[in-house]
Amino acid sequence: MTQINLIVGLGNPGQKYSNTRHNVGFWLIDELLARHRETPRFETHFKGDTACIPIAVSNIHILRPRTFMNESGRSIASFIRYFDIQPHSVLIVHDDLDLDPGIVRLKIGGGHAGHNGLRDTISHMGSNEFVRLRIGIGHPGRTDQVTHYVLKKPTRSEQEAICGAIFRSISLMEEIIMGDHAAVMNKLHPLDC
C-alpha cells in the first residue's frame with residue numbers, strides 16, 4: 001500500500017466560480033481545511049494555495065491550484081517536483097460528469113476521460129498513476145451543453161447530494177491516506193442492484 005502525501009483539489013479560482021459544479025474539488029479541500037482549522041496560504045512558486053494538515057500518521061500537503069482548471073498541471077507538477085513526491089502518492093479530487101450527484105468513486109490511474117484538468121495534470125506530471133477521488137456532478141445530457149453545465153451552480157438537491165459525497169469521502173480520508181484503497185472502494189462503491 002502506498003501512502004498519499006499530497007491532496008489536490010481541482011477547480012477554478014475566484015468568486016465567480018466558487019459555487020459551480022466544476023469546483024467540487026475545491027469544496028472538499030475547503031471542508032477538510034475547515035475541519036482542521038487550517039488556513040491555506042498562497043505560494044507564488046506553486047501558483048496555488050497550500051497547507052499542511054495532520055491525517056493518520058503524518059502531515060499531509062494540501063494544494064488548491066490558482067491556475068484555471070485547464071492549467072492545473074503546472075501548479076501540481078511544480079509542487080511535486082519541489083517536494084519530491086511521486087505521482088502514485090498524489091490524490092486528485094475532481095468533478096465527474098459520468099457519475100450522478102452523490103456518487104463518489106476512488107480510482108487509481110487511467111485516462112482523463114475528457115476532463116481538461118486531468119488532461120493537463122497528466123501532461124505536466126508525465127504520469128497518470130495518481131489516485132483520483134471522483135465526485136459525481138451528473139451530465140446535462142448533451143455534449144454541447146457540458147461547458148455551460150459545469151460552470152453553473154448545481155440545484156439545491158444536487159448540492160446536498162454532492163456535499164454528502166464530500167462528507168463521506170472525508171470520513172474515509174485516513175484510510176485513503178494510508179493507502180487502504182480496496183477497503184475504501186468497498187465502502188464508497190455500494191453494489192448496484
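1. Strand β3, residues 48-55, is mostly covered, with six of its eight residues buried. Buried here means under 20% relative accessible area, exposed over 50%, and partly exposed in between, with a 1.4 Å probe and protein chains only. Strands are DSSP runs of E of at least two residues, helices are runs of H or I of at least four, and both are numbered from the N terminus.

2. On the source: this is a predicted model, where local features need pLDDT of at least 70, side-chain atom pairs count only at pLDDT 80 or more, and totals for chains, interfaces and linings use all residues. Residues are numbered from 1 along each chain as its sequence is written, and side-chain values use heavy atoms, with hydrogens and water left out.

3. β3 pairs with strand β2 (residues 41-43) in the antiparallel sense over three bridges. Two strands pair if DSSP finds at least two bridges between them. E43 stands opposite G48. The two strands form a hairpin with four residues between them, and K47 in the turn has a positive phi of about 50°.

4. β3 also pairs with strand β4 (residues 58-65), again antiparallel, over eight bridges. Here I55 faces S58. Two residues separate the strands of this hairpin, and A56 takes a positive phi near 60°.

5. Next, the core. The largest nonpolar core has 34 residues, and I7, L91, L133 and I135 touch the most other members. Helix α1 (residues 24-35) gives the largest share, six residues. A second, separate core has 16 residues, including L10, I92, L118 and I122. A nonpolar core is a set of buried Ala, Val, Leu, Ile, Met, Phe, Trp, Tyr and Cys residues joined through side-chain atoms within 4.5 Å.

6. L133 is worth a look. Leaving out residues up to four places away in sequence, its contacts (heavy atoms within 4.5 Å) include L28, L91, V104 and L188.

7. The largest pocket holds about 500 Å³ of space. Of its 25 lining residues, H22, L97, G114, H115 and N116 are the closest to the centre. A pocket is an open set of points on a 1 Å grid over the protein atoms alone, where a 1.4 Å probe fits, with protein on both sides within 12 Å along at least five of seven lines; lining residues have an atom within 4 Å of a point. The volume is the space filled by probe spheres set on the points, which are joined across faces, edges and corners.

8. The second largest pocket holds about 210 Å³. It has 13 lining residues, with N12, G14, F26, D30 and R64 nearest its centre. α1 gives the most to this lining, three residues.
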